[in-house]
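Opening the notebook on this one. I'll jot down what I look up as I go.

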Amino acid sequence: MMADTGSDEVAVIGNIDLTPGEIENNMKNTQKSEKGPVLFRKMEINVAEAEKRTVKNAVNMQEIYTVYLIETRPADAASEGTNSTPDSLWRRYSEFEILRNFLLVTYPFVVVPPLPEKRAEFVWHKLTADNMDPDFVERRRVGLENFLLRVASHPTLSTDNIFFSFLTEENGWKEMVFETGFQAKADSRLKALNATFRVKNPDKRFAEMKHYGDELQSVISQLLRVRARVADRLYGVYKVHGNYGRVFSEWSAIEKEMGDGLQSAGHHMDAYAASVDDILEEEEHYADQLKEYLFYTEALRAVCRKHELIQYELEMAAQDLTTKKQQQEELATGTVRTFSLKGMTSKLFGQETPEQREAKMKVLEGQIQEGEDSLKEQNTECDVFVKSAWSDIERFKDQKNHDLKEALISYAIMQISMCKKGIQVWTNAKECFNKM
Amino acid sequence: MSASTPKTLCTSGQQSIQDICHPLSAEESVRTPSPDVGNTTGSIGEKDLSLPNGTPVDTSSPASSSSLLNRLQLDDDLDGETRDLFVTVDDPKKHVSTMETYITYRVSTKTTRVEFDLPEYSVRRRYQDFDWLRIKLEDTQPTHLIPPLPEKFVMKGVVDRFSEEFVETRRKALDKFLKRVADHPVLSFNEHFNVFLSAKDLNAYKKQGLALLTKMGESVKYVTGGYKLRGRPLEFAAMGDYLDVFTQKLGTIDRIAQRIIKEQSEYLVELREYGPVYSSWAGFEGPLQEPLEGVAGCVANCAGALDELTEDMSDDFLPVLREYVLYIESMKTVLKKRDNVQAEYEAKLEAVAFRKEERTAQPPTDVEKCQDRVECFNADLKADWDRWQNNKRQDFRQLLTGMADRNIQYYEKCLSAWESIIPLLQDRPENTKTETS
């Protein structure tokens, strides 16, 4: 949708990350890429392991960090039956962050998949918020693999060279990515995203989408918070039952006929109390699935904001062109339509010479021409952006609906499993009580 | 006192004075209260030896050596078939008068025993009446373990004495009390118990004071005469130790149960907040609306089931547990009374030993009487102990299987809720198959 300025004249203001040419180029690349439309189908990607490394940092202190092993293998190797060893390399979390920032900057119309959280949040009391905790590391490994798979299955992102190198070239990748100069663009992008400005004619769809993103973020945060509290309480209920185990055992010591039944029932109570650990560990997967979409809302908001920014700049450019045209008219007809300080001073101190006026006209004409060309470009850019961004948003919506439905199904299955285990344990205990 | 005057016999049931023999005499008369009742376990006049639940009583003491005719090994299940006295407490009603407000309960009796004029009775009694009965039983049957009553006093303002839950809990406890008395082969024949079950106007009876046949019981009060027992015999010491440990364990179980109820209540609070979040999410989703609402509904169902579980545990489990603590206190009291009787006997025996001139071939009659009392008490106590142990086993089996049952029901309700929304969540046929573990 174009800015409704009524005219095509505008001057260029602001920072545009990608020229329309660049955007078109990227899209061409995705179609003609020799790697095929979707990398996912050509390659198996696996984040297989996590390992701890130590290094001396800038202030000569020992720093411990975790690295993740990324394995890749051509997908047809499995179908051929040859169990070829996969190619592999190690990456740490910060490198994933660099990759993602690059993608954000390079493809601003894409809802870029999020990384797993940097620090453990929404934890219930038994889980530590410790990044070194093995369970956290394991869940992060899964999250990173998920990130790579999402990128590899995205029609646009999967064809990116930097992404491909991330998977295949351990050394020199960082230099390669910094050479693209994305860092500078990243900084200005961040600034633009956080700036406040008012758009006169925003695309309604994007505005609605942004609003949806905000609501989704709010509700998932709330859900995760309450779920953590629920997990906490559930843990308490199960663990207290373990006390029955001990007291039944002590009690059975003074009983004759009742003793055996009590003792065995006590063991079942212990088993019941212990079972909650696995139950809650499984539920963390559900929480992780929710978290992914919580973080996705940020990417969604970024795309909507990007649209606003482009729209705003378009509007500003159109505005500027209008002003310049008016100035041109004034110079030509000698009438002052718009108030300007120059106009006032010239009135007070006398008109300019015809030569001066001529010169000014020429400059203005040049500017107007530039402005019109630029506005045309910006309009195209805006159009292209809107089209590609909205297409990706539609793709994202379908993916979200599918994924969240699957998440709810697996959550229900978890609950069913938990209920069945509960029935089993109490049935066993009841048998023991009956033998008392 | 001559040998023919009525003494307190260990198992003084509803017998006429003439029929009571000296416990040490060789002959015993065996009586069954009603000829047409079959081999009822509780119907032997003198010694209660065949318990309702069939375990035989220790018969080592000479006082209980005979009349073991109807010792049947009954399964617990056959209980109902051989009982001849059935008592039920139900139908609580509130009475409001100018002076006070109180609850009465209907006490229904069905019996074939000859001690009762009618085969059926239905009377109304209030808590005070039960309390009176218990005191009377304790007084007249001092060698026996009297079942406990629910607590008399409740803190006003903390507990609502007229709430449905409280009244129901109390009714169950009163019902259990009467059933335990009715099942006791000696207590069930107690005259006060009979009147309690049958009299239209209990207050008039209460005012009468001593009834005819109660002289036997009232005259002998096992009051502490300042005698100190040197040592409890091994088997009674063992009972005392058992009771001490058992009390401890029951206390622990009570605390655990309370803690579980508390944790479950807090879990419930969180669940009630959790479900609605799914609902509010559903409010702004399109295709996800139904699945999200489904989950919200499921969580609500589970919350309801949890609420029921917690309530049941509070209403049914805890009171029974506490009742047993009272039962143990009763048993300890009886043990102490027994100690006193033994102490008196030993003291008297010692006194005699010092008085050389009175030493005769036979011990003097009052010492003899003391010895009788000791032996009688011991026999009664052992019999009651065994019966109590058996009942305790049944009661706890019932209590704990009840607890297990309630938990099973809770999980079954939750299971069916979650299983029912799986098809809702998977409403599109092209969805992948999910595995149910």
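How do α4(A) and α5(A) lie relative to each other, roughly parallel or roughly perpendicular? I find that α4(A) and α5(A) are roughly parallel to each other. (Angles under 35 degrees count as roughly parallel, over 145 as roughly antiparallel, 65 to 115 as roughly perpendicular and the rest as oblique.)

Ground rules before I go on. This is a predicted model, where local features need pLDDT of at least 70 and side-chain atom pairs count only at pLDDT 80 or more, while totals for chains, interfaces and linings use all residues. Residues are numbered from 1 along each chain as its sequence is written, chains are lettered from A and ligands numbered from 1 in the order in which they are written, and side-chain values use heavy atoms, with hydrogens and water left out.

**Helix pair in chain A**

I looked up the axes of α4 (residues 93–106) and α5 (residues 134–152) of chain A: they come within 12 Å and cross at roughly 25°. Axes here are lines fitted to C-alpha atoms, for helices over the stretch in contact, with angles running from 0 to 180 degrees between N-to-C directions. Helices are DSSP runs of H or I with at least four residues, strands are runs of E with at least two, and both are numbered from the N terminus.

On the α4(A) side, I have Y93(A), F96(A), L99(A), R100(A) and L103(A) making the contact, and on the α5(A) side R140(A), L144(A), F147(A), L148(A) and V151(A). Contact means heavy atoms within 4.5 Å. I sorted the residues of this contact into eight nonpolar, no polar and two charged. (Ala, Val, Leu, Ile, Met, Phe, Trp, Tyr, Cys and Pro count as nonpolar, Asp, Glu, Lys and Arg as charged, and the others, Gly among them, as polar.)

**L89(A)**

I find L89(A) in strand β3 (residues 87–92) of chain A. L89(A) counts as buried because its relative accessibility is 2%; buried means under 20% relative accessible area, exposed over 50%, partly exposed in between, with a 1.4 Å probe and protein chains only. Leaving out residues up to four places away in sequence, L89(A) touches Y68(A), L69(A), I70(A), F166(A), L167(A), T168(A), E169(A) and E170(A).

**F295(A)**

I place F295(A) in helix α10 (residues 259–333) of chain A. With residues up to four places away in sequence not counted, F295(A) touches P114(A), L115(A), P116(A) and E117(A).

**Chain B**

I get nine helices and three strands for chain B. Of its 437 residues, 50% count as buried.
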